[in-house]
Amino acid sequence: MTPSVDHGPGSEPPEHVWAVPGRPTRIVVDLDRIGGNLGYFRRTVTPGTAVMAVVKADGYGHGAVMVARAAVEAGAAQLAVATVDEGVVLRRHAVSVPILVLGPVDPLEVPRAAQNDLTLTLVDPQFVSVVAAAARTRRRREAWPVHVKIDSGMHRFGVDTRDALALFQRLDNHPELQVAGTFTHFADADGVYDAFTREQAERFLSAVGDVRREGFGTGLIHLSNSAAALRWRRLDHDMVRVGIALYGLSPGPDLLPADPIRPALSVWSRIARVTSLSEGDSVSYGRTYRAAGPESVGLVPIGYADGYARALSGIGTMRVQGQEAIVRGRVSMDQTVINLSPELGVQVGCQVEVISAGVSNPNSVARLAQNLGTIDYEIVTSLSQRIPRIYVKGRRVVAIQDLHGVSPVDEP
Ligand SMILES: *Cc1c(COP(=O)(O)O)cnc(C)c1O
């Protein structure tokens, strides 16, 4: 219907994505794009600034293990996760770069973090004692690296700027811990105005200055998330933490990623059944859609349990044979019905592009987020674990992540 939409390279999966056995509904992740997006930041940040790839929430729904490997291969110096479990999974898959756990951690999880060589974020003196005790149980001789998070205005997690110095004094009593980094997090780096970001940076850097003047080491200083790393070079410092832009997606509606940054994820399926409706026939639960005349509809085996939001009932669009196909009736748990133009002659088995890796297509992540009143982050992190992730590199399938784990795929 709208031929002007972006169908750039990668908007079709390579034919052999379908040769991988399994559920026809599948997520295709282009690892070259992950590498390319990481490479963009490596090239554009201030020389000497390291790039940390944020792979929390299973790599923003893309699958953390393969994304982590691609990011490290493309030059990510470190990785970040939100929970200890997420870090342990990466270690089990032989990821060896430093892994920072960004969020709060329960004291009961600290021993596992120690055994798996994860870097914890410290924000209060009680937790310092817990971490120091676990550090002594580590097999390694060297001090356990930790990062300190300073709250500069987000008021979510971090030590208050006024209490930062005392925390570093406390840490100084623990030779078994080594401060490898000190960071803060911006509340509005994707906003229209930069005043608050500037204020947060000033507060943070002033606290860091106080700590250093007292002779305490702060390790690597890092402030920026994707939005800040896309916009401000003077906030680079020692490292930037890139999440959403690594996946080629946007931190916010006011901030489109720069040109070479491209979405890596698309969702595909195959028509499972074709049905002919007559005037007055209804579709799906609640009979919210009724055919105005003869109509052909197709069944797509994806539903809200897969992360295809129920709010897309009657409004979502997919693409079949290059044409937009609107969702008919309610999205159900495992299945969704779409309209099919009769002239296309769509048959069972036809490929359906559920979510596009384009930017402006009606079924792109950005447009879905807009239609659902949310952000790109929520669209991709909602994609369920039960959809297999198929990893493509150089237009070859290299691995698959499904409910059974991650396995390499050897193609003929
Ligand atoms: C999630 C997160 C990031 C990454 O944010 P993006 O907007 O996805 O780049 C960086 N820092 C912290 C502390 C985070 O929690």
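**View 1. Confidence along the predicted chain.** The chain has a mean pLDDT (the predictor's confidence in each residue, from 0 to 100) of 94, and 97% of its residues reach 70 or more. Over residues 1-10 the pLDDT falls below 50, yet in the model this stretch has 21 contacts beyond near neighbours in sequence; contact means heavy atoms within 4.5 Å. Residues are numbered from 1 along each chain as its sequence is written, and side-chain values use heavy atoms, with hydrogens and water left out.

**View 2. Helices and strands.** Look here for eleven helices and 22 strands, which are DSSP runs numbered from the N terminus (helices: H or I, at least four residues; strands: E, at least two). Confidence is highest in strand β2 (residues 50-54), at a mean of 99, and lowest in strand β22 (residues 405-408), at 94.

View 3. Of the 412 residues, 53% count as buried, meaning under 20% relative accessible area with a 1.4 Å probe, protein chains only. Among contacts with a separation of 6 or more, 65% join residues 24 or more positions apart.

**View 4. Charged side chains.** The chain carries 42 positive and 43 negative side chains; Lys and Arg count as positive, Asp and Glu as negative, and His and the chain ends are not counted. The centres of the two sets lie 3 Å apart, with each charge placed at NZ of Lys, CZ of Arg, CG of Asp or CD of Glu.

Conventions. Predicted model: local features only at pLDDT ≥ 70, side-chain atom pairs only at ≥ 80, totals over all residues. Buried < 20%, exposed > 50% of the residue type's maximum accessible area, 1.4 Å probe, protein only.
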